[in-house]
Amino acid sequence: MTDESGRPEAERLRSSGAVERPEMGTLRPGRRRILIAGAHRKIAVELIGRLLEYDSVELILGVGDGACPAALVNHDSRRFMYRSASLDRRRQVDDLFLFDQFRERPLDTVVHLAFAGNPKGYDVRRHEYNVNAARHLLDASLRHGIGKYVFLSSDSVYHVGPRGDYKVAEDAELDLDPSSPTTVRDIIDAEFLCRAKMDHPHCEVMVLRPAGVIGGGVLSGLNLLFESHPPVLPIGFDPMINPTSKERLAQDLLLALMLHGKGLFNVAGLTAGPLSRFLEDRKIVPLRVPGPTLRAANKLQRLLGQTRYHAEYQPRRLFYSLVLDDSRFETTFRANFEALDATRTG
Amino acid sequence: MRQSPARMRLRPDLARALLPESERARVEAYALDDAGHGTDVFGTSTEGIGSAYALAYWLHRYYFRVVSAGHENIPRETAAVVVGNHSGLLPWDALMITTDVFRHSEPPRLVRFMVDFFVYRMPFLGVLFRSLGQVPGTRRNFDGLIDEGHLIGIFPEGAEALGKPVEKRYQMHSFSHGHVELAARHGVPVVPFGVVGAEEQHTMITNLEPLARALDLPFIPITRTFPWLGPLGLLPKPVRYYIHYGAPLFIDPAALQSLAVREHEVERVRDAVYEQIHTGLEVRRRAEGNPAR
């Protein structure tokens with residue numbers, strides 16, 4: 001980006017004193033200091049483990065609500081620290097960037113994984129938490145000179161229906177239906193906050209839309225369906241999906257954090273196929289019910305404790321295909337994995 | 001990724017009963033890009049194609065007794081848009097075109113028709129169509145198929161043309177513009193075809209339009225046999241099909257810049273389709289005399 005005289009924007013801002021900390025820039029060189037919000041999530045635990053395998057990662061600050069998860073307490077305390085904070089409180093978010101450890105060498109990367117779903121119904125507190133946490137974390141990141149900000153969104157933001165494309169690219173129609181679940185709208189709100197800052201000159205703002213995760217005990221809708229006893233599906237429908245795994249998603253997040261790039265990206269699993277084939281591969285036998293009775297059957301299952309899956313959350317997902325096209329992520333990030341892997345020590 | 005040999009096998013009972021050895025070999029030779037779970041990314045499965053072809057081959061040869069010509073106009077390997085007339089209450093014409101091209105192309109090629117969305121709302125039907133390689137008619141789907149070098153089938157008259165009344169047989173509805181625009185954008189040829197015979201397989205008396213609108217369907221037919229004989233009334237008469245493929249048409253790229261050019265190109269395709277219908281009618285007249293009613 002240049003001004004009228006042809007000088008780079010960053011240089012002009014530095015010379016005018018508009019930038020308080022001129023050394024701050026997009027992914028400055030040297031070892032990385034990373035803040036991970038939502039450290040309780042299983043994907044965060046996996047990601048932290050992977051990041052610590054890299055020499056180029058100096059320090060990780062895990063942030064969650066409550067005590068440090070058991071899976072994280074054994075990490076080297078010189079490279080990993082944990083703090084509890086309410087991300088919907090602006091002051092508490094700001095304080096995360098002001099610890100003594102970051103006085104000389106501040107944080108340079110932020111990952112926002114702390115999103116609270118609530119498929120049970122409208123909940124203003126949850127909505128405020130989701131949207132305000134995204135706003136405060138992003139604002140604080142930009143104020144404190146973060147070079148890379150990654151928000152983990154979801155594929156639930158896409159509109160799903162019989163007019164579906166065989167592969168859904170990042171510019172596909174979003175689920176803006178007023179009757180869509182509030183959690184989906186919260187995710188879209190948070191995404192839009194990030195997208196409004198994507199042209200920031202000093203911070204690479206990224207939004208990742210992952211496909212549903214299967215396995216690893218994660219709380220994704222798809223995994224909850226797979227963990228049901230039995231999964232209840234509509235008769236006569238078998239949507240195409242390309243789910244990912246906890247390990248693959250953590251790897252994709254790692255690439256997003258460590259390599260240059262900004263914007264909106266789908267991330268998906270390696271293979272695509274009908275939902276029934278994924279169930280067959282895991283020797284899971286679903287129960288089929290007529291489509292109109294699916295929600296009632298799901299409700300009954302939840303009452304009986306047979307499932308934690310909410311059919312109301314994405315009612316069309318069990319009827320119509322959603323295969324994410326992540327070719328942009330593939331060419332921008334996964335294709336450069338080898339360069340990053342050279343710095344791995346674990 | 002190519003499909004594993006285990007997925008390439010046909011249902012042996014069905015295939016052995018209905019397909020001769022040479023045709024079985026053709027189906028097994030059909031290469032499908034496996035997306036990892038026995039289907040391609042569109043949801044097409046070799047099992048689905050194989051089973052459907054076993055039945056469709058029989059229909060093609062013994063029920064509709066298809067007479068076809070002009071297969072040399074279909075590209076052997078590259079992408080193309082196959083465009084023709086639509087009729088006959090249920091899309092048996094699409095099935096016969098797909099089967100005819102599969103039978104007469106070397107290596108075998110699958111025509112993937114762009115299908116109206118209502119099909120995918122229906123239980124079983126949507127899954128069936130998808131497993132046979134027929135995809136919802138969206139631009140992205142078209143782009144994806146063309147990029148992978150497939151043959152794409154389009155009926156520019158739309159699904160409504162299936163419900164043509166008796167007095168409008170072999171009169172085509174107006175053509176939509178999408179096929180011309182997309183062919184121009186991708187620089188692929190349009191292969192016109194004409195189907196003769198499908199128009200006579202049912203005698204449409206009227207269309208229950210208000211009910212069709214309420215159910216979001218293109219039409220609900222009243223024919224001489226439906227609904228009086230129940231679902232059996234939807235079985236087509238065993239009318240012989242005459243299918244002719246015309247020379248590929250290359251669309252003027254200016255169709256992307258000018259509405260007048262696009263309309264002209266659409267008319268050119270429509271005329272070419274009509275020419276193939278006319279050829280088919282002429283061949284039938286010589287072979288059978290007056291068309292069956």
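Reader: How many bridges join strand S1 to strand S2 of chain A?

Author: Happy to start there, with a predicted model in which local features need pLDDT of at least 70, side-chain atom pairs count only at pLDDT 80 or more, and totals for chains, interfaces and linings use all residues. Residues are numbered from 1 along each chain as its sequence is written, and chains are lettered from A and ligands numbered from 1 in the order in which they are written. Strands (E, at least two residues) and helices (H or I, at least four) are DSSP runs numbered from the N terminus, and two strands pair if DSSP finds at least two bridges between them. S1 (residues 32-37) and S2 (residues 57-64) of chain A run parallel, and the bridges that join them number six.

Reader: Which strands of chain A stand at the edges?

Author: The open sheet has seven strands with parallel pairing, in the order S3-S2-S1-S4-S5-S6-S9 (chain A). Each edge strand has a single partner, so one side of it is left without a neighbour in the sheet. Those strands are S3 (80-84) and S9 (263-267) of chain A.

Reader: What does the twist average from one strand to the next?

Author: Axes here are lines fitted to C-alpha atoms, for helices over the stretch in contact, and angles run from 0 to 180 degrees between N-to-C directions. From one strand to the next, the twist averages 20 degrees.
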